[in-house]
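Here's a quick briefing to read with the model open beside you.

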2 protein chains.
Amino acid sequence: MDASEFRRRGREMVDYIADYIEGIEGRQVYPSVEPGYLRPLIPSCAPQEPDAYEDIMKDVEKVIMPGVTHWHSPRFFAYFPTASSYPAMLADMLCGAIGCIGFSWAASPACTELETVMLDWLGKMLRLPEAFLAEKGGAGGGVIQGSASEATLMALLAARSRATRRLQAARPGLTEAAVMEKLVAYASDQAHCSVERAALIGGVKFKAIPSDGKFAMRASALQEALQQDKAAGLVPFFVVATLGTTPCCSFDHLSEVGPLCNWEDLWLHVDAAYAGSAFICPEFRHLLDGVEFADSFNFNPHKWLLVNFDCSAMWVRKRADLTGAFKLDPVYLRHGHQDSGLITDYRHWQLPLGRRFRSLKMWFVFRLYGVTGLQAHIRKHVQLAREFEAAVQRDPRFEICAEVTLGLVCFRLKGSNKLNEDLLDRINGAKEIHLVPCHLRDKFVLRFAICSRAAESAHVQQAWAHIQALATALLGAGQE
Amino acid sequence: MDASEFRRRGREMVDYIADYIEGIEGRQVYPSVEPGYLRPLIPSCAPQEPDAYEDIMKDVEKVIMPGVTHWHSPRFFAYFPTASSYPAMLADMLCGAIGCIGFSWAASPACTELETVMLDWLGKMLRLPEAFLAEKGGAGGGVIQGSASEATLMALLAARSRATRRLQAARPGLTEAAVMEKLVAYASDQAHCSVERAALIGGVKFKAIPSDGKFAMRASALQEALQQDKAAGLVPFFVVATLGTTPCCSFDHLSEVGPLCNWEDLWLHVDAAYAGSAFICPEFRHLLDGVEFADSFNFNPHKWLLVNFDCSAMWVRKRADLTGAFKLDPVYLRHGHQDSGLITDYRHWQLPLGRRFRSLKMWFVFRLYGVTGLQAHIRKHVQLAREFEAAVQRDPRFEICAEVTLGLVCFRLKGSNKLNEDLLDRINGAKEIHLVPCHLRDKFVLRFAICSRAAESAHVQQAWAHIQALATALLGAGQE
């Protein structure tokens, strides 16, 4: 394919994309295919000679689309949102064309420098403490990770390295393995599974702290676990506080937990993967209070801030903690400005070596929406969630299962778990809308998350009417 | 931005990209900016109200392009190639529009299933042993990782988990930390730094095996290290064999090392990050001989197979080894087909939870180039490298420093390291072309890697004439 054919096919693809997004509501939100559907539809080997472009685009509709779960449909209320916007897509096209691999400053200075400044822009939107910004020439700064899981893992590894150095300094001769055997990481029992996974990867113990009646971690519960473990000869070193948990969007008490972590000299990582985007609105900023006690903070603009996946923003108070954990500098990656102290080599901040020019997406989105446009997007989703919550509350057959703070509503039929599992089966079986469940303590609960950029009040009302009708049929069937 | 404006701006962006790629040779390959150049060029905060689109595109030329290292310029001969092709860019646009997060089969069946089949297509192009293919319903299969670093880390973690289970089964009561204290990972002293980094992350020891006169790892050297370590009470568990090392593209003796790893029950991971793409050509396939002994194999189509970053292909002989290492299944990620045995949930195969629909890029590229088109791309680069090698050999002032097998030529002026460092400074200072160096033993060496899809004989000849002229000037200055 030469440049002139790319010009033609590119225009066609732009139109295909606009048609897809404009017409997405007409597509069945969750596919009807069965496992293994795709393999018989395409050849078993790559073609020796090129296929025609037209045939590939026909296959997109014939082979791919029937198996797509349409995350951007206004009928999609599952998981959490994943961001999608036209400005981000345009920036991603440019990112692909530049195609630099920005592992060091020299590998493409613009890629590194725009990222540093965009993380400052975003940090200011959130009113993060100045210590986290690179602008003032301090010790902190931001980086784009691929996902919150990677941010959590990087924080845990940096914390492990800091704790190991400290313990070895106090007791020379202590082996790394002897240290790791004693290290314990903590998070609420509502925290994302990636925290426990990070501990497994890092080879350290993990303890889940029982959350309170509002599914939040309190300092008292953490304190109790710390005391028990220290009494048993273990060494607490790392705490993840979650702002906006995955099951029900609950908030750990950061203003309580933070001072305790500082007092006990534990690395505090704040995971606000979903909720973080909301903190750009002054009325939600109080949910971030206590971040001033954190060593690292992370949230995903690729969830709720209109920057397409992947773009997970992470800030650290001391970048040397992150970069010092595993810095290796082979000659083939060295460059003239290496030791100037002026530059950032982001490869030391992350797990992979290579990295795309992802800050272009942030730059395009922030500039083309403006802060007010981004705030409006957040506020609209929160408003829609409140509308759904109010509708649920008006139906006495249902109950709300957790406080609705942002764009997620946890609800269920009053009754058994079996009844609610059946309701969810009917909802997802009908394929009018798509939801996923969670467990809150022993209760099976349905999660209704406002996801699509195109979601409007009418979609929420239609979804609720549909759920009510299915519930009526289910309850009727039960009475027969 | 609404759909109709996206149609307009999308077309403009397609043209901008085509213009950029067509005109890339006219841009200075390595930028002239100094560290910190970008921040003063843009505001210190995101705008409250939206900026005009035209202003953003003006800033792309004014702010971004002056700081870009142009990896796709035919004057770029640094690092290794990173792939760029129009079909991959088109597929990536579609990937962004669908915007699904394919962490499980249910999160978008097409995303998972196309990936499985594409890894089979690619595995067949490489003539991988059938055990690595998913097609036959066996225990193996392939996955797209973000980078070779992540593939190496996943392999090491899976190997650590397998070794820990085995040791704990033999000696119940042995703690995980007690096991980790004894585990040792190995790779050649020419292996990529990501292997040592994976060991640091995984909390296990790492030993570099001295390579032979051709910078290759031999079984005898590995055997010696294994015996020493076992005698010292350590437990060897993981070996990385590199096919196409980063410094000089040397090849470990896989057919020797493989049987030794099998005999000693060590996990053998084969890292062919750069060279792997060449194995689709029958005349280079012999370089992969011995892969039948491997537990896992990885290479980067995003380097040399025209699939834009990121797309790192990894295969495992037993997918349960990978998925069993850290499987955690929270309710909000469970789905109906979860335990059917029919589906793949790729989140268990990788470090992050989220993942893009990256197999679309493979599908578009494989179909629009065909196997013959991909082979032609590889062969052209190898031919250009041989042409450069021959030119170097004709100039008695220079020497070739390692065997030229694929698209990389390691060369230097006969003389001191200082002389060669000066030559490289002059080359990169002139900014006509861009190279990076390496160390081979105690020698400072220049690496000339054929990178750009657009590289032709004329570019190689011009680059060589330029290097010769700078060398003449340097040697003349030395004589004065």
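**The annotated lysine and its surroundings**

A:Lys303 touches A:Phe80, A:Pro81, A:Thr82, A:Ala83, A:Ala273 and A:Tyr274, leaving aside residues up to four places away in sequence; contact here means heavy atoms within 4.5 Å. Keep in mind that this is a predicted model, where local features need pLDDT of at least 70, side-chain atom pairs count only at pLDDT 80 or more, and totals for chains, interfaces and linings use all residues. Residues are numbered from 1 along each chain as its sequence is written, chains are lettered from A and ligands numbered from 1 in the order in which they are written, and side-chain values use heavy atoms, with hydrogens and water left out.

**More on A:Lys303**

- UniProt, in an unreviewed entry, puts "modified residue: N6-(pyridoxal phosphate)lysine" at A:Lys303; UniProt positions follow the numbering used here, feature names are shortened, and annotations may be inferred rather than shown by experiment.
- A:Lys303 belongs to helix 10 of chain A, residues 301–304 (helices, H or I with at least four residues, and strands, E with at least two, are DSSP runs numbered from the N terminus).

**Arginines**

- In chain B, look for B:Arg447 in strand 11, residues 443–449.
- B:Arg447 counts as buried because its relative accessible area is 0% (buried is under 20%, exposed over 50%, partly exposed in between, with a 1.4 Å probe and protein chains only).
- B:Pro437 is 10 residues from B:Arg447 in sequence, yet their C-alphas are 5.4 Å apart.
- Over in chain A, the charged end of A:Arg447 sits over the ring of A:Phe80, 4.9 Å from its centre (the test is NZ of Lys or CZ of Arg within 6 Å of the ring centre and within 35 degrees of the ring normal).
- A:Arg453 does likewise with A:Tyr86, lying over its face at 5.2 Å from the ring centre.

**Aromatic rings**

- Counting all chains, there are 44 aromatic pairs (rings of Phe, Tyr and Trp, the last by its six-membered ring, pair if their centres lie within 6.5 Å; planes under 30 degrees apart are stacked, over 60 edge-to-face, the rest tilted).
- B:Phe76 and B:Tyr79 make a tilted pair, because their planes meet at 35° with the centres 6.2 Å apart.
- Both B:Phe76 and B:Tyr79 are buried.
- Another tilted pair is B:Phe297 with B:Phe299, at 6.2 Å centre to centre and 35° between the planes.
- B:Phe297 has a relative accessible area of 0%, so it's buried, and B:Phe299 is buried at 0% too.
- In chain A, ring pairs join A:Phe77, A:Phe388, A:Phe398, A:Phe411, A:Phe448 and A:Trp464 into a cluster.
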